[in-house]
Structures are given as C-alpha cells and as structure tokens.
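Here is a walk through one protein model for someone meeting it for the first time. Keep the 3D view open and follow along.

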Amino acid sequence: MRQFPLEMHHMAPGRVVEWRLRSTAAEACGPDDAADRQASFNQDKHFTVAEESRADGDPIASWVAVTFEVAGALDEDALTRSLLAFVQRHEVLRCEFRRLAGELACAPIAPDELALDSVPVAAFETSGALKHFLVERFKRSIDTLSWPLFTMGAVLREDSATVYLAFDHIVCDGLSMPVVVNDVQSVYEALCRGEEHVVEPAPSYLDFAEEQRGRYLSIDATDERLDNWKAFIARGGGEFFPRFPLELGVEPGRMYPIVSEASQLLDAGEAEVFEKACLAVDGKPFMGLLAAVAVCLREAGGPGVYRGFLPVSERGRSGWSDSVGWFVNTMPIEFDASPGRDFAQVVAAVRAGFSEMLEHIDVPFVRAWQLLAPEEFGARSWPYPVNFFSYIDMRRCPGAERHEDWRPSTHVWSASANGTCSWFQRDRDGLHMNSMYVDTPVARRTMDDFQEALRLTVREIARYGSLRRPIALTAPRRPVRTPLDVAAYGRRA
C-alpha cells in the first residue's frame, strides 16, 4: 500500500455506484438532539481555516482518499452493509461539527440512526474519463463545513470492482486509510461467506480529543512543557517553523497550484538491503532515510544541521491503532549532518534527535503554535515553505497481510500550497516517495533534482552500507538560509 496521485491510478473503467449516508434522526427531530462532544486541536484549527476561507470566497480544499480492489462480481448488498457497519463503528465519522459559543463541538449521530442509499451515478468507457470524474467528484463532495465529511462508491465490472472512499482531513489521517480498507473488506468478505456481523465500536477519536483538550487547553506560554519548543525556536533564529532549505521560487504571502508526484526509490530487494544497512549502524530504516534526506539537502546548499517537522502517530499509546481519526502530532526534530560525517554518524545524530523529540511528544502541535507563534497562528497556512518529512511502514498496518489481494492505495489532494511536503511509504514492493509542491519552474527543477539525488543516495547506502561519495544535485540551487546556533546545538546533542 502506498500513496500516489489519483491521476496515476491504473483503474479499469466501469459502472459507478455511490452510497449516500443520511441521518434518520435528523429527518425525525433535527440534529440538535445529539449530545455535543469537544473537537481536537487539529480539528478546531482545520475547521476554523475552512470557515474563514469560505467567508472570504476563497475556500481551501483538500481530501484524503483510499481505493482498493474486490475480486469477482460485486455483491452490492454485502458492500452496502459493510460500509454502513464501518461508519457505525467509528464515532468520528458520525459527527456533525458546529460552533457553540466560539468553541468547535461535534455532535455524534447514534449508530442505529444512520442509513445508506445506493445511487447509480454513470458508466465510463475509458480510464481517463473515470479518473477525471473521481477527481472532480471528490473536490465537489468533500466539504469541511458540511456533513457527511466523506463520500463512498465503487466502480463495478463483470469480474471485479474498485471501491473508493474519500474523506475530509478533519475525520482521518494517513494511518486511518489501512483501517478503512481492513474494516470494509473484512466485513464484506464475511458477509459474502454467509456469516452475520455484529458491529463492535472502535475506541473513539472523540475520547482522544477530549482527553487531549482536558490536559492542554489551560496551559499558557510559560508552561515548562513548552521548553523544548522554545529551545528549538531559539536555535532557529526565533522562527517557529523550520524553513525548507532550498529555493522554490515562491513569493511571500502567495499560494500556488500544486504538483503531485510519486516514484519508487527502492524496489523490494533494495529496501531489504537498505534496512540491513541501517540496522548495522544501530538505526531504523526511517532514520537511515531521514539521514539521506538531510545529506541531500546539505549537498544542495542547505545547512549542516537538519531542522524539520516530523508527524508522529499518537495511536499506540492508548490503543487507538484500529480507529479512524486524526491521531497525528507534528513535532520538531534537528540533528547534525555536517560535511565529514559518515552514514553511521549521521544516523546516530538522527537517533539522538528522535529520542529527544519523543521525550516531549505530549504537547499538541496546534497548541504550541497558538501559544508560541500567535501572530502566525491566525494565518490559514504555514507562513513559508517548511521542511517536512513523513514515513509510514505500511507492512505493519491493520490488514497488511491481505494487501496483495486487496491492492489498496492512498491518494491525497490539495487545491494550493506555498511550499513542499514529502511522504515516504515502505510496503511489500519497496520504498516509495510522494511529494506535493508549488507549481513554479524553480520548484520543479529543485524537486526533480532532489528526488533524483535522494534515489541515488539510498541506493548507494543499500549497495555499500555507507556514503562512499557525496551525492549532489545536478545544479545546486540557491539555499534559503536560516540563522542557526550550531555551537549550542552541538552542546545539546
């Protein structure tokens, strides 16, 4: 399972059917009878941006989608029951968000007060027409301010079907997508075997949100739990956001259309060898990959000290591994990747930086942003291109043992941006990269060269277990410099 643009999906054409969710409670007595719950910090910020952009007539749109395959002729009744069971299982999917006295609340609809209606949509004779329809469909149907916050459908053929679900980010994250596939497919296959299914509620993201707000809503900027953030900001010249260190050709305050690209960095065999090279220097694969990223950015003209954001899943600490929701905290990480350091030394620095980061993981990113950069917090996006690295090993996700049969994939889309983000996924087929960045001539050149340099670097590590030679961009770009207290960092590390 990997992430790539929906336009790259090799999806056979067919007849499209969708399932529309409705609340029977709303039809009977209106939605206000439901008990309100508190939204998380991530959800509150996301919803606020949607509200403000809508008010100004410039809505900020995005979606996260998953597709997977069903072998044989689709049993539409079984899939209907499976999709309904999936929504009933996850409370966050049954929520309507609304403002109450300035606070964002969510009102969950009871599982037995939901219904699904099957709606024929259209038949498509070419893959191109089908993919164009789906891209436009997701854009039109996913609305942060309107319930339901997702759409569900399938492309039906005589001997197979492709099922799709697309979500607003407010109800899910990247690790929710394998959960979606596992939940829907497991129930569908059981129903096809003639087995009855009883819906078991998953641990609720709403409980996570309320626990998080209860712990951190009352803190202020003097709280000692923010000391790590403050030190990170001080070492970065007073900036809360770590800048992407290469030139992208963007103007301050401007948003741009996005380029989304995906490619394979290592095949399955190379990824296994790369992992062994990382383990040999007491590192994990993501540490070796992050070390390679840091070296490539440095060779392109970036600083010797890597500074960036790293999203970290909060699912594992309290048993939410099988839940749908936005269980992500974004944390700062920094480490020394200066010239002269070999692969083992850079990986050791990554390991130390990651360990330091984990000691301070509790403070929610949005709360730290609000307290330590209040002027920037009011903006609808990050203020400039930010250095961002994400890694998921899809082989460890729920249902991974069936991914070869189900062939799931994740697709992310956003209308605009002012920088770049890169996501890396490891699956049975190897190591993959999906990057979204501003559509400027400079950014295209920079990111093309960076991706090629990274591919060469990780293959170099896989082949030799080290960096035998520096891998530089074909034409180094003018770096974006940020003041760094390298001496202070060295004392800390």
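In this predicted model, let's start with two helices that pack together: H8, residues 268-280, and H14, residues 441-464. Their axes come within 8 Å and cross at roughly 70°. Angles from 65 to 115 degrees count as roughly perpendicular, and H8 and H14 are therefore roughly perpendicular to each other. On the H8 side, the residues that meet the partner helix are Glu270, Val273, Phe274 and Ala277. H14 answers with Val458, Arg459, Ile461 and Ala462. Sort the residues of this contact by type and you get six nonpolar, two charged and no polar.

**The sheet beside these helices**

What order do the strands take in the open sheet of four? They run E10-E16-E15-E13, and the pairing is mixed. E10 (258-267) and E13 stand at the edges with a single partner strand each, so one side of each has no neighbour in the sheet. From one strand to the next, the twist averages 15°.

Here is how the neighbours in that sheet pair up:

| Strand pair | Sense | Bridges | Example of bridge partners |
|---|---|---|---|
| E10 and E16 | antiparallel | nine | Gln264 and His432 |
| E15 and E16 | antiparallel | eight | Phe424 and Met433 |
| E13 and E15 | parallel | five | Ser390 and Trp423 |

Take a look at E15, which spans residues 420-427. Is this strand mostly covered or mostly open? Mostly covered: seven of its eight residues are buried. To get from E15 to E16 (residues 430-438), the chain goes through a hairpin, with two residues joining the strands.

Now bring the two helices back in. H8 lies across E10, E15 and E16, and runs at about 75° to E10. H14 also packs on the sheet and touches E10, E15 and E16, but its direction makes about 10° with that of E10.

Pro385 sits in the loop between helix H12 (374-377) and E13. Is Pro385 buried or exposed? Buried means under 20% relative accessible area, and at 15% relative accessibility Pro385 counts as buried. Setting aside neighbours within four places in sequence, Pro385 is in contact with Pro242, Arg243, Phe244, Leu248, Val250, Asn418 and Gly419. For a sense of distance, Pro385 and Asn329 are 56 residues apart in sequence, and their C-alpha atoms are 19 Å apart in space.

**A second sheet**

E5 and E6 (residues 103-108) pair over six bridges, and Arg99 stands opposite Leu104 in E6.

H2 covers residues 41-55, and Gln43 is part of it. How buried is Gln43? Its relative accessibility is 1%, so Gln43 counts as buried. Which residues does Gln43 touch? Not counting residues up to four places away in sequence, they are Val92, Phe97, Leu104, Ile170, Tyr205 and Trp326.

**The nonpolar cores**

In soluble globular proteins, nonpolar side chains tend to be buried together. In this model, the largest nonpolar core has 80 residues. The residues with the most contacts inside that core are Phe97, Leu165, Phe167 and Phe240. Helix H5 (residues 176-192) supplies the largest share of the core, with eight residues.

Leaving aside neighbours within four places in sequence, the contacts of Phe167 include Trp63, Val64, Val66, Phe86 and Leu93. The list for Phe167 also includes Ile142, Leu149, Phe150, Cys172, Met177 and Val180.

Conventions: Residues numbered from 1 in each chain as written. Heavy atoms only, no water. Axes fitted to C-alpha atoms, helices over the stretch in contact; angles between N-to-C directions. Parallel < 35°, antiparallel > 145°, perpendicular 65-115°, else oblique. Contact = heavy atoms within 4.5 Å. Nonpolar A, V, L, I, M, F, W, Y, C, P; charged D, E, K, R; others polar. Buried < 20%, exposed > 50% of the residue type's maximum accessible area, 1.4 Å probe, protein only. Pairing = 2+ DSSP bridges. Core = buried A, V, L, I, M, F, W, Y, C linked by side-chain atoms within 4.5 Å.
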